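Subject: Structure handover

Hello,

Here is the structure for you to look over. My notes follow below it.

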Amino acid sequence: HLVDSLPDWSKFTSNLTEQIQEIEVLKSYYENTDILEVIEEASQTENKKFSLQLRIPIETKQTPIKVEIWLPIEQVDFNSIKELNQIESKKPQLIRSISGKQAHTVINCKKLIPIQIDVVLPDVYPSESKPIFTIGAEWLNKAQLSQLSVKLNQIWEENETMPILFTWCQWITENLVDFLDIFEPPNMIIVTPLNNGEFDLGQDI
């Protein structure tokens, strides 16, 4: 019965081989970009798993992209902002809201900052399990991040046992904006206050 209790090392080896091949393909395709970063290499002898970071660019039909931002008033230094507004016309023009509780601005961006996905590849990926992942994007709210997570799980289920990372990357780049319908009239993204008060959501024009 001892044999029955031992792990199937051949399965682990097969999965690791597929993971290595998948990452090599990603490295080749995304060569000379910062889209893929391998944080940690997998190792059976050291019980390490592949840990990756993907920074996935987003395609949009809107140029420039208008982003409307609301910040908690306690995170805004209006004395500094007033000086900035007078000196540097391209900087965001922050205005106090009628309620006095928030500051508001609209900026134009050439492009949105990438979606960041942190990925860990389990020993049984891709034969039995999807990658473990977390998603980050300053310009998406919690509901949108949840929708995207559900969609990535759905894409995995439709392609189960197959390497999935490139498929995820391509889908996000090409379909995310339409899928989430993030642009509100008139072609504007509205961002609610962030915990850290940052509003560097894209590349300024």
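Is T161 buried, exposed or partly exposed? The model is predicted, and in it T161 counts as partly exposed, at 38% relative accessibility. This residue sits in the loop that joins helix 4 (142-158) to helix 5 (165-180). T161 is not a glycine, yet its phi is positive, about 75 degrees.

N32 is also a non-glycine residue with a positive phi, of about 65 degrees. Its loop runs between helix 2 (9-29) and strand 1 (36-40). N32 is exposed, with a relative accessible area of 78%. For context, most residues other than glycine have a negative phi, and most peptide bonds are trans.

P126 belongs to the loop between strand 6 (115-120) and strand 7 (132-136).

Now helix 4. Its 17 residues span 25 Å from the first C-alpha to the last, close to the 24 Å expected at 1.5 Å a residue. At its start, a side-chain oxygen of N141 comes to within 3.1 Å of the backbone nitrogen of A143.

The buried residues of helix 4 are Q144, L148, K151, L152, I155 and W156. Viewed down the helix axis, they fall within an arc of 140 degrees, so they line one face of helix 4. The cover over these buried residues includes strand 6, strand 7 and helix 5. K142, V150 and E157 are exposed on the other side of helix 4.

Regards

Key:
Residues are numbered from 1 along each chain as its sequence is written. This is a predicted model: local features need pLDDT of at least 70, side-chain atom pairs count only at pLDDT 80 or more; totals for chains, interfaces and linings use all residues. Side-chain values use heavy atoms; hydrogens and water are left out. Helices (H or I, at least four residues) and strands (E, at least two) are DSSP runs, numbered from the N terminus. Buried means under 20% relative accessible area, exposed over 50%, partly exposed in between (1.4 Å probe, protein chains only). The expected span of a helix is 1.5 Å times one less than its number of residues. The arc is that of the directions from the helix axis to the C-beta atoms. Contact means heavy atoms within 4.5 Å. A polar contact is a pair of N or O atoms within 3.5 Å; within protein, one must be able to donate a hydrogen and the other to accept it, and residues adjacent in sequence count only if both atoms are side-chain atoms.
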